[in-house]
Amino acid sequence: MTAIHCLNGPNLNLLGTREPGIYGAATLADIERDLRSRADRLDIALTFRQTNHEGELVTFVQEAGAAGAGVLINAAAYTHTSVALRDAIAGTGVTAVEIHLSNVHAREAFRHVSLIAPVCAGVIAGFGPYSYLAGLEALAHLLRGRSPSAP
Ligand code: CA2
């Protein structure tokens, strides 16, 4: 069975409580529920996690690698700053898709830079919670294409 770990970085636990103009009204629990339902339909084993700590996010990536799972990641602010996260994705060899709720390229210049994009298979940004669903579909497509049991 295809396994995907959806990893969420700092402050995403606040979704739906503040800044609805940028991030919308959905909470992270709403996003998890919809993602889980899509994952069930696609026969994907989904693990969903959030942390406010950089080192813990690194550990989550390592755990996904050890489990042979793909990584769907909204690293939030660590996207733009974390060499450790980039090294974890590259070093574990996980297949990762970077996602963002907002269109980071239409925002401040510091959000235009992603340290993890070069070590991810692709990036989806700007579609609100739908970025998670699109990212799941794209990652499943990649993982199944690379699996010996894929049709
Ligand atoms: O658009 C995205 O998904 C981001 O990853 C969200 C991050 C931001 O640093 C990235 O540049 C783009 C911020 C997540 C913080 O979310 C909050 C939600 C409600 C209230 C405050 C922060």
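How far is an oxygen atom of the ligand from an N or O atom in the side chain of Arg 111? The answer is 2.9 Å. Keep in mind that this is a predicted model, and the distance is computed from it.

Take His 80. An N or O atom of the His 80 side chain is 2.7 Å from a ligand oxygen. Then Asn 74. Here a polar side-chain atom sits 2.8 Å from an oxygen atom of the ligand. As for cover, the ligand on its own has 510 Å² of accessible area, and the protein covers 93% of that.

Next, the shell. There are 16 residues around the ligand. The ones that come nearest are Asn 74, His 80, His 100, Leu 101 and Ser 102. By class, the shell splits into eight nonpolar residues, five polar and three charged.

Where does the ligand sit? In the largest pocket.

Now the annotation. UniProt, in an unreviewed entry, puts the feature "active site" at Tyr 23 and His 100. These two are spread over 78 residues of sequence, yet they cluster in space. Their largest C-alpha distance is 9.7 Å. Both Tyr 23 and His 100 are in the lining of the largest pocket, and that pocket holds the ligand.

Last, a word on Tyr 23. Which helix is it in? Tyr 23 belongs to helix α1, which runs over residues 20–23.

Conventions. Residues are numbered from 1 along each chain as its sequence is written. This is a predicted model: local features need pLDDT of at least 70, side-chain atom pairs count only at pLDDT 80 or more; totals for chains, interfaces and linings use all residues. Side-chain values use heavy atoms; hydrogens and water are left out. A residue is near a molecule or strand if one of its heavy atoms lies within 4 Å of it. A polar contact is a pair of N or O atoms within 3.5 Å; within protein, one must be able to donate a hydrogen and the other to accept it, and residues adjacent in sequence count only if both atoms are side-chain atoms. Accessible areas come from the Shrake-Rupley method with a 1.4 Å probe; for residues, only the protein chains shown count as cover. On a 1 Å grid over the protein atoms alone, a cavity is a set of points where a 1.4 Å probe fits but cannot get out, and a pocket is an open set with protein on both sides within 12 Å along at least five of seven lines; lining residues have an atom within 4 Å of a point. A molecule sits in a cavity or pocket if more than half of its atoms lie within 2 Å of its grid points. Ala, Val, Leu, Ile, Met, Phe, Trp, Tyr, Cys and Pro count as nonpolar, Asp, Glu, Lys and Arg as charged, and the others, Gly among them, as polar. UniProt positions are given in the numbering used here, feature names are shortened, and annotations may be inferred rather than shown by experiment. Helices (H or I, at least four residues) and strands (E, at least two) are DSSP runs, numbered from the N terminus.
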